[in-house]
Amino acid sequence: MFDRRIFTHFDFLLPILITPIIALSYFLIGEVNATLNLKQTVYISFGLVAFLIVFFIPIRQLDRTIWLFYWVCIVLLILVYFIGTKQLGAQRWIMIGSFSIQPSEPVKIAIILLLGLHIHNNPPPPEGYGAKQFAVLSFYILLPFVLILKQPDLGTALVVLFMGFGTLFLIGVNYKIWVTLAVLIALASPLIYGSLKGYQLKRISDFISEKPSYHVQQSIITIGSGGLLGKKKEESSQTQLKFLPIATSDFIFAYFAERYGFLGSLFLLMLYYFLILHILSFSLQESKDYRLRTHSCGLALLLFFYVTVNVGMTIGLAPVVGIPLPLFSYGGTSFITFMVLFGILENLLAFRFNFGYNRNPLKAILRNPRRR
């Protein structure tokens with residue numbers, strides 16, 4: 001029978017916050033390109049199905065499956081070097097029939113799940129993790145980071161790094177380790193800069209130069225033309241006349257600002273950051289539920305990094321690294337990844353007190369006599 005506690009503990013605010021973001025994105029993409037809108041319909045449908053499937057999977061019982069999933073993602077990242085296809089000069093995708101898979105997307109899910117599993121089995125001491133446990137957890141993050149960096153995909157690699165180590169920072173690592181890392185990174189910064197590729201150096205030089213790149217210039221003009229309240233579709237000359245590049249993906253925020261102005265942009269950003277804070281709040285509810293704490297921290301940091309960098313690069317405050325606006329930019333891989341992460345979060349919330357998923361059925365029966 002259906003356990004009513006699942007319904008009780010399901011977080012209904014999460015879909016309420018997500019739905020307007022998806023709806024606005026769908027509407028904007030349809031204005032720019034009807035064909036892309038049709039494809040986005042398929043992506044949204046797959047995302048919703050993925051959410052439902054993941055929601056009913058007993059995540060808390062799948063320890064071995066989580067390990068397997070992580071290493072399958074690592075193998076796929078390695079296979080990219082041998083059978084991957086190139087797009088825009090980067091080898092990041094694996095073709096399976098007419099579909100393409102970007103392994104750097106599901107590996108984000110795998111990292112969060114594996115960190116949650118390890119931290120659940122090895123809770124941090126009051127003073128935070130020491131060097132040994134930190135080294136083990138760092139390995140799970142740095143291995144996919146290096147593989148993604150060599151594709152090359154600096155943007156996604158930095159996302160993995162920020163998400164992984166940001167989660168460890170929030171969960172608890174001894175402060176001496178962070179101080180040591182900061183010193184080492186500062187000393188190694190000249191070597192890191194020297195190892196960057198030519199196009200990566202150009203992005204940095206474009207970012208710090210007085211005059212931004214052409215794409216960023218057009219994006220800033222587009223945002224400014226929206227004014228306070230925005231323009232009608234027919235009057236959105238920057239997008240309709242194709243001055244704004246990649247208006248449905250990387251620079252979709254600029255088109256949104258042209259259509260809905262400063263107030264509309266402010267509303268969208270508030271929606272995102274309220275969503276981030278809401279997800280992050282789950283890490284404070286159950287101090288001993290390390291799976292939930294790790295997942296909520298990782299997902300909140302992932303959203304924060306994506307939103308901040310994407311909006312920042314459209315206004316010239318961050319280098320252009322090809323990071324999409326979550327649930328808003330056109331595309332299926334990123335959208336489905338976030339829907340799976342939302343589904344896992346809802347699963348960890350809704351099934352916390354569902355003793356059908358408890359490792360100790362006898363203990364569950366004793367706690368809940370009605371199930372005898």
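**Notes on the model**

1. Let me begin with Phe 82, which is exposed, its relative accessible area being 65%. Please keep in mind that this is a predicted model. Phe 82 sits in helix α4, which covers residues 63-83.

2. Now to a helix pair. The axis of helix α2 (residues 13-32) comes within 6 Å of the axis of helix α3 (residues 34-55), and the two cross at roughly 150 degrees. Angles over 145 degrees count as roughly antiparallel, so α2 is roughly antiparallel to α3. As for handedness, α2 and α3 make a right-handed crossing.

3. How many salt bridges are there? The count comes to four, with a side-chain nitrogen of Lys or Arg required to be within 4 Å of a carboxyl oxygen of Asp or Glu. Three of them are worth a look in the next points.

4. One of the salt bridges pairs Arg 259 with Glu 31, with 2.7 Å between the closest N and O atoms. This pair links distant parts of the chain, since Arg 259 belongs to helix α12 (residues 252-281) and Glu 31 to helix α2, 228 residues apart. Are these two partners buried or exposed? Both Arg 259 and Glu 31 are buried.

5. Another salt bridge joins Asp 289 to Arg 60, where the closest N and O atoms are 2.9 Å apart. Asp 289 is in the loop between α12 and α13 (290-314), while Arg 60 is in the loop between α3 and α4, so this pair ties together parts that are 229 residues apart in sequence. Asp 289 is buried, and Arg 60 is buried as well.

6. Lys 108 and Glu 105 also form a salt bridge, their closest N and O atoms lying 3.0 Å apart. Here too, Lys 108 and Glu 105 are both buried.

7. Finally, have a look at Leu 113 in helix α5, residues 106-121. Why does Leu 113 count as buried? Its relative accessibility is 13%, and buried means under 20%.

How values were computed: Residues are numbered from 1 along each chain as its sequence is written. This is a predicted model: local features need pLDDT of at least 70, side-chain atom pairs count only at pLDDT 80 or more; totals for chains, interfaces and linings use all residues. Side-chain values use heavy atoms; hydrogens and water are left out. Helices (H or I, at least four residues) and strands (E, at least two) are DSSP runs, numbered from the N terminus. Buried means under 20% relative accessible area, exposed over 50%, partly exposed in between (1.4 Å probe, protein chains only). Axes are lines fitted to C-alpha atoms, for helices over the stretch in contact, and angles run from 0 to 180 degrees between N-to-C directions. Angles under 35 degrees count as roughly parallel, over 145 as roughly antiparallel, 65 to 115 as roughly perpendicular and the rest as oblique. A crossing is left-handed if the near helix is turned anticlockwise from the far one by less than a right angle, and right-handed if clockwise.
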